[in-house]
Amino acid sequence: MTENVVVLGAGYAGTGAIKKLESELGDNVRLTWIADVDYHLVLHESHRVIRDPDVRSDVTFPVDDVASPSTRFIQAEVTGLDVDERVVELEDAENVEYDYVLVALGSQTAFYGIPGLEEHSLTLKSLDDALEIHEAVKEASQEATRGDPAQIVIGGAGLSGIQTAGEIAEFRDEHRAPIEIHLVEALEEIFPGNDPEIQQALRDLLEDAGVHIHTDDPITEATDEQIEFDEGDPLEYDVLVWTGGITGQDALDEADLENEHNRVTTEANFQTSDERVFAVGDSAIVDQGDQPAPPTAQAAWQAAEVVGENIARAIENRPLKTWEYDDKGTVVSVGDKAVAHDVKPAFGISLPVDTFGGLPAETLKKMIAARWIKDVTSVNEARKSWSSL
Ligand SMILES: Cc1cc2nc3c(=O)[nH]c(=O)nc-3n(C[C@H](O)[C@H](O)[C@H](O)COP(=O)(O)OP(=O)(O)OC[C@H]3O[C@@H](n4cnc5c(N)ncnc54)[C@H](O)[C@@H]3O)c2cc1C
């Protein structure tokens with residue numbers, strides 16, 4: 001009997017799983033890949049597109065260049081998952097039946113019910129989002145003057161917010177654009193939850209780049225002209241970008257699976273409350289004991305490999321493997337600069353300090369993305385993308 005395996009999403013988790021499944025599954029399995037776009041986006045470098053839209057071709061890779069011709073690809077938006085009937089529901093396309101499905105749809109931006117925030121802000125979760133932010137920043141700067149610069153406010157100082165601020169600063173400098181950049185964080189320090197050393201190093205780079213940092217005061221409301229804080233004075237904006245948190249996809253709203261805010265909870269083997277449904281990447285909250293795996297490209301990339309193997313094992317009735325997240329360290333860009341922290345020896349590079357910047361960190365940042373691109377496409381593609389990373 002032919003088994004139908006369906007993978008939802010073409011991010012790190014979905015793309016990595018497709019590569020693994022293609023190498024693991026036998027001839028008796030039909031593999032179907034579904035995503036709303038027909039390319040894989042290297043989302044963790046998507047902020048580069050805000051500075052320069054030409055970078056898009058270096059961070060997107062057609063699914064045809066990733067998957068083998070025997071994998072069926074369907075470009076469609078997933079609108080639901082019926083686990084009783086075992087079907088994936090699609091917008092403007094026929095439902096797709098499955099024997100096993102992997103949910104790798106990533107996340108969407110969380111607004112935490114803050115009045116006006118969703119309505120007035122731009123978000124960064126896709127190529128189109130990055131292009132829209134670029135256009136908004138460009139337009140605002142064209143209407144501004146040196147005496148009255150465009151106010152660009154970024155809410156949320158995690159990986160996306162910090163790297164977005166860095167790219168907008170590069171745009172400002174390259175175009176001599178009248179722009180003032182504000183990075184707003186509700187918690188006490190930027191890059192919350194991370195080591196004070198990398199927090200300080202990132203703060204230094206952002207301040208050197210002329211980014212105004214506001215911390216320790218949550219946004220309580222956004223109107224069409226300003227954001228309001230719990231304590232401080234309101235901040236007027238021309239462009240508001242919100243990167244303050246993630247939640248699960250609406251498509252999973254009605255799926256009968258255990259979840260937290262539509263992020264599907266899984267065992268450490270990626271199996272959900274339905275044994276035919278696996279979940280991975282930002283879509284999932286993967287049990288790792290005290291704390292779940294973080295919603296990062298690094299975690300999704302590692303996990304994809306194991307979930308692909310586990311689906312093959314489930315089909316063959318073999319025991320599933322347990323995954324343990326291995327934190328290999330953090331590298332964050334601020335424009336062309338970067339900071340690395342707690343990086344495990346890799347690529348033959350081993351440094352005697354915990355936190356470092358300069359050329360080693362900048363090169364490492366490029367190498368991480370290039371290695372991913374090489375793994376899912378080819379060395380040649382990685383080489384072509386190098387200068388944009
Ligand atoms: C600007 C930015 C910078 C970042 N920097 C870093 C970093 O430096 N290091 C790091 O480790 N992480 C970083 N991250 C986080 C990282 O990108 C995510 O954790 C990672 O992308 C999660 O991978 P994923 O495969 O689960 O989801 P995604 O990469 O988001 O992929 C989801 C896929 O599902 C598709 N999809 C979504 N909804 C639907 C639907 N309804 N129907 C069909 N298809 C759908 C999407 O098109 C996409 O193909 C960054 C994120 C951003 C936005």
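Analyst: G80 stands opposite E89 in β7. This is a predicted model, in which local features need pLDDT of at least 70, side-chain atom pairs count only at pLDDT 80 or more, and totals for chains, interfaces and linings use all residues. Residues are numbered from 1 along each chain as its sequence is written, and side-chain values use heavy atoms, with hydrogens and water left out.

User: What makes β6 and β7 a pair of strands?

Analyst: Strands are DSSP runs of E with at least two residues, and helices are runs of H or I with at least four, numbered from the N terminus. Two strands pair if DSSP finds at least two bridges between them. Strand β6 (residues 78-82) and strand β7 (residues 87-90) are joined by four bridges and run antiparallel, so they qualify as a pair. Four residues lie between these strands in their hairpin, where R86 takes a positive phi near 55 degrees.

User: What residues count as the ends of β14 and β15, and how many bridges pair them?

Analyst: Strand β14 covers residues 219-222 and strand β15 residues 226-229; three bridges pair them in the antiparallel sense. E221 stands opposite E228 in β15. Three residues lie between β14 and β15 in their hairpin.

User: Why are β5 and β21 called edge strands?

Analyst: Five strands form an open sheet in the order β5-β2-β1-β9-β21, with parallel pairing. β5 (72-75) and β21 (277-279) each have a single partner strand, so one side of each is left without a neighbour in the sheet. The twist averages 20 degrees from one strand to the next. Within the sheet, strand β1 (residues 3-8) and strand β9 (residues 100-103) run parallel and are joined by four bridges. L102 in β9 is the bridge partner of V7.

User: Why is the crossing of α1 and α9 given its hand?

Analyst: A crossing is right-handed if the near helix is turned clockwise from the far one by less than a right angle, and left-handed if anticlockwise. Helix α1 (residues 12-24) and α9 pack at an angle of about 30 degrees, with their axes 7 Å apart, and α1 passes α9 in a right-handed crossing. Among the residues that meet are Y12, A13 and G16 in α1 and A297, A300 and W301 in α9. The contact divides into 11 nonpolar, two polar and four charged residues. Here Ala, Val, Leu, Ile, Met, Phe, Trp, Tyr, Cys and Pro count as nonpolar, Asp, Glu, Lys and Arg as charged, and the others, Gly among them, as polar.

User: What separates a cavity from a pocket?

Analyst: On a 1 Å grid over the protein atoms alone, a 1.4 Å probe fits in a cavity but cannot get out, while a pocket is an open set of points with protein on both sides within 12 Å along at least five of seven lines; lining residues have an atom within 4 Å of a point. Grid points are joined across faces, edges and corners, and a volume is the space filled by probe spheres set on the points. The structure holds one cavity of 30 Å³ or more. The largest cavity has a volume of about 70 Å³. Of its 14 lining residues, the closest to its centre are G281, V286, A293, P294 and A299. α9 gives the largest share of that lining, three residues. By class, the lining has 10 nonpolar, two polar and two charged residues.

User: How is the lining of the second largest pocket divided by class?

Analyst: That lining has three nonpolar, four polar and 10 charged residues. The second largest pocket holds about 230 Å³ of space. Of the 17 residues that line it, R51, D336, S387, S388 and L389 are the closest to its centre. The largest share of the lining, three residues, comes from α10.

Technical notes
Axes are lines fitted to C-alpha atoms, for helices over the stretch in contact, and angles run from 0 to 180 degrees between N-to-C directions. Contact means heavy atoms within 4.5 Å.
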